[in-house]
Amino acid sequence: MGRYRVRVDTGNFVFAASANQVQLWLVGHHSEAKLGLWFHPARGQMEDFEVDLKEDLGPLLFVKLQKIHLLLKDAWFCNHITVWVSEKNMEEEQEILFPCYRWVQGDGIICLFSDLLIFHSMVLPSSWNTWRKGLPLTVDAMTEKDLPLDMRFHEDKKIDFVGAELQGIESSGSYDLSLLLPERVCESWKDDDFFGYQFLNGANPTMLRRSTSLPTRLVIPPGAEELQTQLERKLQVGCLFEADFSLLDGIQPNVIQGERQYLAAPLVMFKMEPDGKLLPMVIQLQPPCSGSPVPPLFLPSDPSLTWLLAKIWVKNSDLQLHELQAHLLKTHLMAEVFAVATMRCLSGMHPIFKLLVPHFRYTMEINTRARTSLISEGGIFDQVTNTGGGGHLDILRRATACLTYRSLCLPNDLADRGLLGIPSALYVHDVLRLWDIIFSRYVQGIVHLHYSGDKDVQDDSELQAWCREITEIGLGGAQDRGFPVSFKSRAELCHFLTMCIFTSSAQHSAVSQGQQDWYTWVPNAPDTMRQPPPTTKDVTLEMVMATMPKVYQSCLQIAMTWLLSRVQPNRVLLGYPKEEYFSGPESKAVLSRFQEDLDILEREIVARNEGLDLPYEYLLPSRIENSITI
Ligand SMILES: CCCCCC(=O)/C=C/C=C\C/C=C\C/C=C\CCCC(=O)O
Ligand SMILES: [Fe+2]
């Protein structure tokens with residue numbers, strides 16, 4: 001009994017419209033009403049209908065819809081349906097939002113629930129797959145075509161990605177260093193302070209840690225007592241740092257077109273100067289090995305080419321661990337585990353589903369593409385990197401086996417690495433601010449709206465199953481590495497959700513955006529090394545050139561790093577999801593406070609950067625995508 005205004009909102013993507021007809025029902029506590037309307041949803045349009053119903057539906061529970069085709073079957077992307085109810089005894093019209101944000105396929109009946117009601121609705125289809133043993137599980141799709149339609153790129157993204165892939169390959173050979181940072185890298189890459197800077201604020205800020213003792217692998221040969229004294233002095237005053245690439249030790253190097261490539265597993269020791277500069281003190285390219293001579297130590301006082309070649313070796317190792325461990329594993333593949341578990345365990349009505357799902361947009365497809373063309377047999381890694389040909393998968397396996405929960409919770413990770421309180425560590429500063437904003441302004445706000453206390457969390461069986469699914473299934477039993485198997489409190493839940501969102505947005509931004517800046521000038525971080533690491537200090541320019549990648553290998557490096565760090569057209573920024581999953585003023589207020597704080601941070605970073613020789617921009621909120629899409 002009453003008047004119902006109904007609005008159907010269709011997505012604005014290519015092919016979002018449908019030539020099929022759509023039938024709607026309103027379902028209330030007491031009865032349901034089939035609306036006498038059949039319409040053809042139009043792209044980017046809102047269609048409004050008004051109906052007067054004689055029957056008493058009672059409080060509205062859900063909306064049913066059915067797409068009916070006559071000749072042509074096509075999919076329809078429904079954003080949401082909004083219903084305004086004004087019943088006779090109601091003073092004000094009541095607005096109820098029924099989010100959909102999926103492709104409506106086939107002619108089955110679909111139910112859309114409002115977030116005002118606690119109900120179970122359908123779980124979206126997604127199954128696990130073991131792509132390679134020892135790695136996190138993935139979505140079950142051999143190629144992107146096997147993915148559920150809702151996980152696919154929309155047409156504009158697909159056209160842009162495939163076009164960019166072709167354009168990258170075609171134009172990489174003629175790349176002119178016209179961008180500011182690549183040009184600066186080309187000028188300054190040989191300088192020690194520029195080398196050190198990259199470990200704090202470059203493409204890979206994840207390898208550096210403050211030393212708490214001299215690393216056992218650093219065997220100081222007789223005659224180098226002065227070096228030992230200098231290292232100990234820096235250690236005592238807390239100014240000694242290290243980047244250790246031991247994870248690469250023993251990895252089989254690639255063979256490319258019949259030519260053997262070479263790989264090292266370096267250690268670099270740094271000192272932090274009072275002005276915040278990080279300077280390398282010594283480089284050891286291989287760990288000591290019993291039965292072999294003690295590995296040489298390379299020093300800034302060595303002949304300039306010798307020292308330069310040692311630094312190039314470090315940067316080659318850094319590129320490998322950056323792309324495989326920090327970027328691919330610890331952002332892309334982790335986000336995919338969270339996404340598949342979310343689709344499997346949380347209903348579309350669940351508040352945590354609604355909180356998280358915008359942070360997984362396009363991740364399954366970009367990861368599936370990585371598995372078919374980047375790390376696949378014959379893929380980019382096999383073609384041009386010294387870890388390709390299977391070594392890259394062993395690195396991923398080793399990195400998975402030692403991946404801890406604390407290392408994904410950035411405030412813990414940075415504290416464990418001794419990186420707090422360093423004014424020149426811009427990445428660290430921005431990470432801590434962003435983590436806090438995501439935690440206190442966004443996650444806590446939404447969680448506290450839906451869970452009134454710890455008991456609500458403990459009693460939420462869907463949520464607890466989701467947690468177990470991630471740790472025990474997706475990560476193959478990661479509880480021994482600190483991942484939770486249950487949430488006992490709202491605080492534990494908020495911490496975990498912050499980690500999921502941070503990983504899928506800010507951390508990916510920090511490890512992805514710098515690729516083009518720092519890797520376009522190939523000598524600064526070559527993708528492969530074609531000669532063995534030096535074992536003496538006699539290094540010639542010919543040796544350096546013979547070690548560097550070939551032209552086609554360099555071209556592919558330039559093309560790939562451009563493709564994977566270019567600004568994405570139609571990107572969705574952190575805090576500005578396109579979908580309106582939550583209705584109600586409280587949730588909207590949470591989102592606006594989150595946006596306000598992101599804005600404040602934006603201004604802070606811009607002001608800070610104005611006074612810097614090299615601005616650090618990868619964690620500017622205006623550059624952080626809401627999910628991993630590239
Ligand atoms: C050769 C130098 C490094 C190349 C960049 C790299 O290794 C990046 C790795 C980390 C994560 C990338 C994740 C997804 C990329 C997805 C697809 C790439 C598809 C490439 C293609 O289709 O050509
Ligand atoms: Fe990426």
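**Contacts, domains and salt bridges: a working chat**

Q: Leaving aside neighbours within four places in sequence, which residues is L591 in contact with?

A: L591 is in contact with Y442, G575 and P577, where contact means heavy atoms within 4.5 Å.

Q: What kind of model is this?

A: This is a predicted model, in which local features need pLDDT of at least 70 and side-chain atom pairs count only at pLDDT 80 or more, while totals for chains, interfaces and linings use all residues. Residues are numbered from 1 along each chain as its sequence is written, chains are lettered from A and ligands numbered from 1 in the order in which they are written, and side-chain values use heavy atoms without hydrogens and water.

Q: OK, back to L591, where is it found?

A: L591 is found in helix α19; helices (H or I, at least four residues) and strands (E, at least two) are DSSP runs, numbered from the N terminus. L591 is 150 residues from R441 in sequence, yet the two C-alpha atoms are 8.0 Å apart in space. With a relative accessible area of 25%, L591 is partly exposed, a label that lies between buried (under 20%) and exposed (over 50%), with a 1.4 Å probe and protein chains only.

Q: And D597, is that one buried or exposed?

A: D597 counts as buried because its relative accessibility is 16%, and its place is in helix α19, residues 585-610. Not counting residues up to four places away in sequence, D597 touches I437 and R441.

Q: Switching topic, which domains does the assignment give?

A: The assignment, which is automatic or from a database, gives domain 1 (2-118), domain 2 (207-315 + 525-561) and domain 3 (321-515 + 579-623).

Q: How many residues of domain 2 are in contact with domain 3?

A: There are 29 residues of domain 2 in contact with 27 residues of domain 3, and the centres of these two domains, taken over C-alpha atoms, are separated by 31 Å. Between them, domain 2 and domain 3 bury about 2200 Å², of which 61% is on carbon and sulfur atoms; buried area is the accessible area (1.4 Å probe) that two parts lose on being put together, summed over both.

Q: Which three residues supply more of the area on the domain 2 side than any other three?

A: L247, I251 and N254 do, supplying 26% of the area that domain 2 buries against domain 3.

Q: What does D613 form a salt bridge with?

A: D613 pairs with R184, and their closest N and O atoms are 2.9 Å apart. This pair links distant parts of the chain, 429 residues apart, with D613 in the segment after α19 and R184 in helix α2 (residues 180-188). At 58% relative accessibility D613 counts as exposed, whereas R184 is partly exposed at 23%.

Q: How far apart in helix α19 are R603 and D599?

A: They are 4 residues apart in helix α19, so about one helical turn separates R603 from D599. The two form a salt bridge whose closest N and O atoms are 3.2 Å apart, with R603 exposed at 52% and D599 partly exposed at 38%.

Q: Which residues are linked in a network of salt bridges?

A: The network links E144, R152, E365 and R369. Of these, E365 and R369 are among the buried residues of α7.

Q: Why is α7 largely enclosed by the rest of the structure?

A: Helix α7 (residues 363-374) is largely enclosed because 10 of its 12 residues are buried.

Q: Last one, where is W131 found?

A: W131 is found in the loop between β9 (128-129) and β10 (138-139), and it counts as buried because its relative accessibility is 16%. Not counting residues up to four places away in sequence, W131 touches T138, R371, I375 and L393, and R371 is one of the buried residues of α7.

Notes
A salt bridge is a side-chain nitrogen of Lys or Arg within 4 Å of a carboxyl oxygen of Asp or Glu.
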